[in-house]
Amino acid sequence: MALDKPYKDVPGTIIFDADQSRKGYWLNQFCTSLMKADNRARFKANERAYLDEWPLSEAQKQAVMARDLNACMQLGGNIYFLARIGATDGLSFQQMAGSMTGMTETEYREMMIRGGRSIEGNRHLGENGDAQPQNQPQGATHKAAPAARKA
Amino acid sequence: MARISASVYTSHVPAIGVAVDLGKTQEPYWQPLFAGYELSKRWLEDNRPDVIFLVYNDHATAFSLDIIPTFAIGCAAEFEPADEGWGPRPVPKVIGHPELAAHIAQSVIQDDFDLTLVNRMPVDHGLTVPLSLMCGQPQAWPCPVIPFHVNVVQYPVPSGRRCFQLGQAIRKAVESYDEPLKVQIWGTGGMSHQLQGARAGLINREWDNAWLDQLIADPKACADVPHIDYVREAGSEGIELVMWLIARGAMSDVNADGARGPAPTVRHRFYHVPASNTAVGHLILENN
């Protein structure tokens, strides 16, 4: 019997389950290695060379180097492990979380001060809240220039 | 005999620890949050326990994907604050209580809860931020602390019901310890927050407060809330709230197979948005 995954229809959300964990095992273990100062220094000196020491897929390596946390999550990363990359870069959890929405750092921070993202329209796929796939990416930059983005 | 005198519940947002460590608690962003813990700090001074049993989750700090224990009890004499990548927090080391920890492990495991015993475990913000919120910046924490880790990072995570049952077994264990210790049990994590994806920043004030009402008044029903409700309503990281049910299950008005004590007194209740990405909830319940 397949694992029951009732969380698959929550928009904008990847649950770190056994399948994701298998996919991301080395990605997350690489992240854990960044808890040592020596490894952080070696990674910073030559990211590609450091990543090549780990059995990551090319897509995982590219996602890390691009600091594309959404791609890292899709490829099996977990936010608490990925946070080691952010820590290496000197980023806070708020900067990391915000980077996954498309909003600028200021926009995301202000959303939180206003009380955070609303649950309305964001419970199930198929609704029309701001976290739904059809409404990505978020933030004024993207809303202001859809034509430019297409070009 | 030892007894559980009270339970404390609080979020453990890492940015709160940073605000304390960098002296930012009186800045406009943080002041309303720390004001909500002023009463709590005075209360803890007036009601100092002999031991704190502190339920929290390690955030991929002591436990990588090498080993993922569902429930782990810290049995060591001391625990160092962890380097989570930003350097260790400048807070006192945590002094454990190996004798009581070993006693609780023995009692709870023989009561069919298969705990993992841990003797070496750096403790991360999940454990040190609640201590900072409740104690400020002392030279040493006010009493020994038994760290108790719950896996809420990789699925499968334990159900609310299992956590609630475990709390009852922990109380039984404490009450069978010979020394007359006053023990507080703290449940930490939550409330609504999501740190990932397009839904990052989710806060559900209404759900959080209804959950708090139920945790206080009808904890058994609260324990039956399924995982998917936490994920959908309180965000992917809102699942941490199951840890509060361990502390609630240890209160004397809860007893699945025998006499129950009176309902606890709600000494303090506080809710604030935001701390970084997170809704902060806080309760103090005293046994009567």
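This is a predicted model: local features need pLDDT of at least 70, side-chain atom pairs count only at pLDDT 80 or more; totals for chains, interfaces and linings use all residues.

**Overall build**
- Chain B is made up of 10 helices and 10 strands.
- Its C-alpha trace spans about 45 × 40 × 40 Å along the principal axes.
- A compact globule of 288 residues would have a radius of gyration near 19 Å, so the 17 Å of chain B agrees with that.
- Of the contacts in chain B between residues at least 6 apart in sequence, 82% join residues at least 24 apart.

**Inside the chain**
- Buried residues account for 56% of the 288 in chain B.
- The largest nonpolar core has 126 residues, and the ones touching the most other members are L54(B), V55(B), I170(B) and M243(B).
- Take M243(B): beyond its neighbours within four places in sequence, its contacts include V55(B), V150(B), C163(B) and G187(B).

**A hairpin to look for**
- Strand 9 (residues 265-275) and strand 10 (residues 278-286) of chain B pair in the antiparallel sense, over eight bridges.
- A275(B) has T278(B) as its bridge partner in strand 10 of chain B.
- Two residues sit between these strands, and S276(B) takes a positive phi near 60 degrees in this hairpin.

**Where chain B meets chain A**
- Here 34 residues of chain B are in contact with 47 residues of chain A.
- Helix 1 (14-21), helix 9 (227-234) and strand 9 of chain B each give two or more residues to the side that touches chain A.
- Helix 9 of chain B gives the most, with four residues.
- That side of chain B divides into 16 nonpolar, 12 polar and six charged residues.

Note on methods:
Residues are numbered from 1 along each chain as its sequence is written. Chains are lettered from A and ligands numbered from 1 in the order in which they are written. Two strands pair if DSSP finds at least two bridges between them. A nonpolar core is a set of buried Ala, Val, Leu, Ile, Met, Phe, Trp, Tyr and Cys residues joined through C-beta atoms within 7 Å. A residue is buried if 20 or more other C-beta atoms lie within 10 Å of its own, exposed if 12 or fewer, and partly exposed in between; C-beta atoms are placed from the backbone. Two residues are in contact if their C-beta atoms, placed from the backbone, lie within 7 Å. Ala, Val, Leu, Ile, Met, Phe, Trp, Tyr, Cys and Pro count as nonpolar, Asp, Glu, Lys and Arg as charged, and the others, Gly among them, as polar. The radius of gyration is taken over C-alpha atoms; the globule rule is 2.2 Å times the number of residues to the power 0.38.
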